[in-house]
Amino acid sequence: MDDFSYAHRDTSASGSAGVARFNVPHIPPELQNIRREAFAREIPVAGDETLCFLMAQAAARRPARILELGTAVGTSAAAMAYVCPQAQIVTVERDENFYREAVKNFDICGISPRVNAILGDAGEVISKLEGPFDLIFLDSAKVQYVKYLPRLKELLSSGGVLIADDVLLFGWASGEAEVPKKRRMLALHIEEYLRAVSTDEQLITSVIRVGDGIALSVKRQI
Ligand SMILES: C[S@@+](CC[C@H](N)C(=O)[O-])C[C@H]1O[C@@H](n2cnc3c(N)ncnc32)[C@H](O)[C@@H]1O
């Protein structure tokens, strides 16, 4: 696995010209500054289109507990905390520098008491976490999405939503663009994830062109 598998950049601004400009995340100035700096440093944080979608989902669902895999410097976790003032958030990051920065940023945003930032490998952490979570944002290494799915389903509350980011990968996973040889394994893993969530009887899944593709899966209340 190389860095690309998780450092995939959100291309929403260039990918959907004409639409992107209407996706304006309403966030406090301190979070705007953190995002601006993250973009300037080319840290792969969610672009406007993805962030607006995530914030809209979070605000509509009013989750009591949110789980995020892939914190980076904390921008998506902070945005969800901002629109869900009651929510407790668990967010997992394996890069120590990012983790430390995220903790500092949560402080700056005044949300530290509601955010449990965990430094560690997502796969290991989720095996020990206790559910349920009402919203899970899956944004860590793309190659691992399908491996995490059974455990994430267990952790998801009935009626809860699992949002997986970057699932269309420049059209590679959808078959619309040829996959570079170096990325075939990654595309295969994502395709496997999409097949798994689309055919799972317990999930209702919609794959949408937001950012570089989002798979939104709701756990059926059965
Ligand atoms: C796309 S970035 C997350 C962006 C963040 N969600 C945002 O929008 O602000 C992906 C992050 O996942 C982290 N990551 C990748 N694999 C991981 C793993 N196995 N466990 C924990 N974190 C991981 C990377 O270090 C990187 O910071």
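**Close-up views of a predicted model**

View 1. Among contacts in the protein chain between residues at least 6 apart in sequence, 69% join residues at least 24 apart. The model shown here and in the views that follow is a predicted one. Its protein chain holds eight helices and seven strands. The radius of gyration is 16 Å, close to the 17 Å that the globule rule gives for 222 residues, so the chain is as compact as a globular protein of that length. If you follow the C-alpha trace along its principal axes, it spans about 45 × 40 × 35 Å. Of the 222 residues, 46% count as buried.

**View 2. The seven-stranded sheet.** Here the strands line up as an open sheet in the order β3-β2-β1-β4-β5-β7-β6, with mixed pairing. Look to the edges for β3 (115–119) and β6 (203–208): each has a single partner strand, so one side of each is left without a neighbour in the sheet. From one strand to the next, the twist averages 15°.

**View 3. A parallel pair, β1 and β2.** Strand β1 (residues 65–69) runs parallel to strand β2 (residues 88–93), and five bridges join the two. A handy place to start is Glu-68, which stands opposite Thr-91 in β2.

**View 4. Helices against the sheet.** Helix α4 (residues 75–83) lies across β1, β2, β3 and β4 (133–138), and runs at about 175° to β2. Helix α7 (residues 145–155) also packs on the sheet, where it touches β1, β4, β5 (156–165) and β7 (214–219). The direction of α7 makes about 170° with that of β4.

**View 5. The β6–β7 hairpin.** Strands β6 and β7 form a hairpin with five residues between them. Their pairing is antiparallel and extends over six bridges. In the turn, pick out Gly-211, whose phi is positive at about 60°.

**View 6. The shell around the ligand.** There are 20 residues around the ligand, and those that come nearest are Ala-46, Gly-70, Ser-76, Arg-94 and Ala-122. Helix α4, strand β2 and helix α6 (122–128) each supply at least two residues of this shell. Sorted by class, the shell has nine nonpolar, six polar and five charged residues.

Methods
Residues are numbered from 1 along each chain as its sequence is written. This is a predicted model: local features need pLDDT of at least 70, side-chain atom pairs count only at pLDDT 80 or more; totals for chains, interfaces and linings use all residues. Two strands pair if DSSP finds at least two bridges between them. Helices (H or I, at least four residues) and strands (E, at least two) are DSSP runs, numbered from the N terminus. Axes are lines fitted to C-alpha atoms, for helices over the stretch in contact, and angles run from 0 to 180 degrees between N-to-C directions. Two residues are in contact if their C-beta atoms, placed from the backbone, lie within 7 Å. A residue is near a molecule or strand if its C-beta atom, placed from the backbone, lies within 6 Å of it. Ala, Val, Leu, Ile, Met, Phe, Trp, Tyr, Cys and Pro count as nonpolar, Asp, Glu, Lys and Arg as charged, and the others, Gly among them, as polar. The radius of gyration is taken over C-alpha atoms; the globule rule is 2.2 Å times the number of residues to the power 0.38. A residue is buried if 20 or more other C-beta atoms lie within 10 Å of its own, exposed if 12 or fewer, and partly exposed in between; C-beta atoms are placed from the backbone.
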